Amino acid sequence: MRRSVAVAAAVLVLLGATPAAASAAEELPSVTGNDCVPGSPDTVTDVPWAQTWLQPERAWELTDGRGVTVAVVDGGVGTPSSLSGGAVKQSATDCSGHGTFLASLVAGRPVGEAAFSGVAPAATILNVEVATGAYASGPPVAPPDELADGIRAAVSGGAGVVLLGAVSTGPSADLADAVRAAVRANVVVVSGVGTVRGSDSRLAESYPSAYDGVIGVAAMQLTGEVATFSAFSDDVDLAAPGVGVLGAAPKGPGHYVTDGTAVAAAFVAGTVALVRSYRPDLTVADVTERLRLTAAPTAQRAALGYGVVNPAAAVGDELPASAGRTSDAVTTVAVAPDRPPVTDHTAGLIAVAVAGTGLAAAALAAFAGVVVRRGRARRWRAPS
């Protein structure tokens, strides 16, 4: 895959074309969560890889999330250009940029020439601010009682979906009670699963994703494989892009990139918003079931759960009447027969590279007829 991308990039350079979105995103500053970040001076106009992979615009023919409020429980949500005009309730100054980044993945609106958009661009964000600590490779951490209070505030604030941008590393009776109360109130709770470092256990847990009733989300990289930091555990329900993801800065039109299971959870929360907008009568269990049954299956079931979230299928597929609850092993899950397959991006990149190589060769041949030696002296060499 990496070689295919390199070939495609080489072709684009030869043709004088604009670099691909993934290449442009790699040049952006990163949200680390450890320091305050200003508004990013850089704006990417190309479609980000995660958006290309998930293709949420295929669901927008039916719904764009209008009428659904998604609470982002994190260190704060600012008002970037993509979330201006009343898209955020109770906005705040976001020092780390993490909460704003996640909110933009859920409900960011297109701005100017930038193609970036959230999964549910007409949904409303409810900012629920909690005290968070710095993090290294995982999502921000917060005291469990803060998270519990955040979930309760989200429910009382009218949210139909709660996205936990921050997590707790240990269990808590209070947090478990808050989750149960949210489910009873028919509010869907989404959270990233645990993260690991180095040789640590692949069964790392985080809360509330370890609790029943919470949709636990793992992080996927561009190749379609699990991210190296995303833990393998029974807490994983679904997966979504979580490496090198582009999102909004805490203010202004600029972009940052970051990684994490919380990032992946934001894509799932946006998909839940689409489903709740189009199918408002579904219960929490029904919504969870629908996302599982319509997910694009993967070979890494232990790490990526029922598969990669599929916004268009989750909204539009008519599931078989015989589809039952997915509490059994993943191999027994009934998948809607008309579920669109996940796009094979590797093949697409190779096709672009092959076509581009032909065009580049023709152009170079014509050019060589005039200044052969000069062309050879400046021959481009792809990086290894």
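Mentor: A crossing is called left-handed if the near helix is turned anticlockwise from the far one by less than a right angle, and right-handed if clockwise. Please keep in mind that this is a predicted model.

Trainee: Which hand has the crossing of α7 and α8?

Mentor: The axes of α7 (residues 261–278) and α8 (residues 284–294) come within 11 Å and cross at roughly 115°. The contact involves Val268, Thr271, Val272, Val275 and Arg276 of α7, together with Val284, Val287, Arg290 and Leu291 of α8. As to its hand, the crossing of α7 and α8 is right-handed.

Trainee: How many residues apart in sequence are the parts that the pair Cys36 and Cys95 ties together?

Mentor: Cys36 and Cys95 are joined by a disulfide, with an S to S distance of 1.6 Å. Cys36 lies in the loop between α2 and α3, and Cys95 in the loop between β3 and α4, so the parts tied together are separated in sequence by 59 residues.

Trainee: Is Cys36 buried or exposed?

Mentor: A residue counts as exposed when its relative accessible area is over 50%. For Cys36 the value is 54%, so Cys36 is exposed.

Notes:
Residues numbered from 1 in each chain as written. Predicted model: local features only at pLDDT ≥ 70, side-chain atom pairs only at ≥ 80, totals over all residues. Heavy atoms only, no water. Axes fitted to C-alpha atoms, helices over the stretch in contact; angles between N-to-C directions. Helix = DSSP H or I, 4+ residues; strand = E, 2+ residues; numbered from the N terminus. Contact = heavy atoms within 4.5 Å. Disulfide = S-S within 2.5 Å. Buried < 20%, exposed > 50% of the residue type's maximum accessible area, 1.4 Å probe, protein only.
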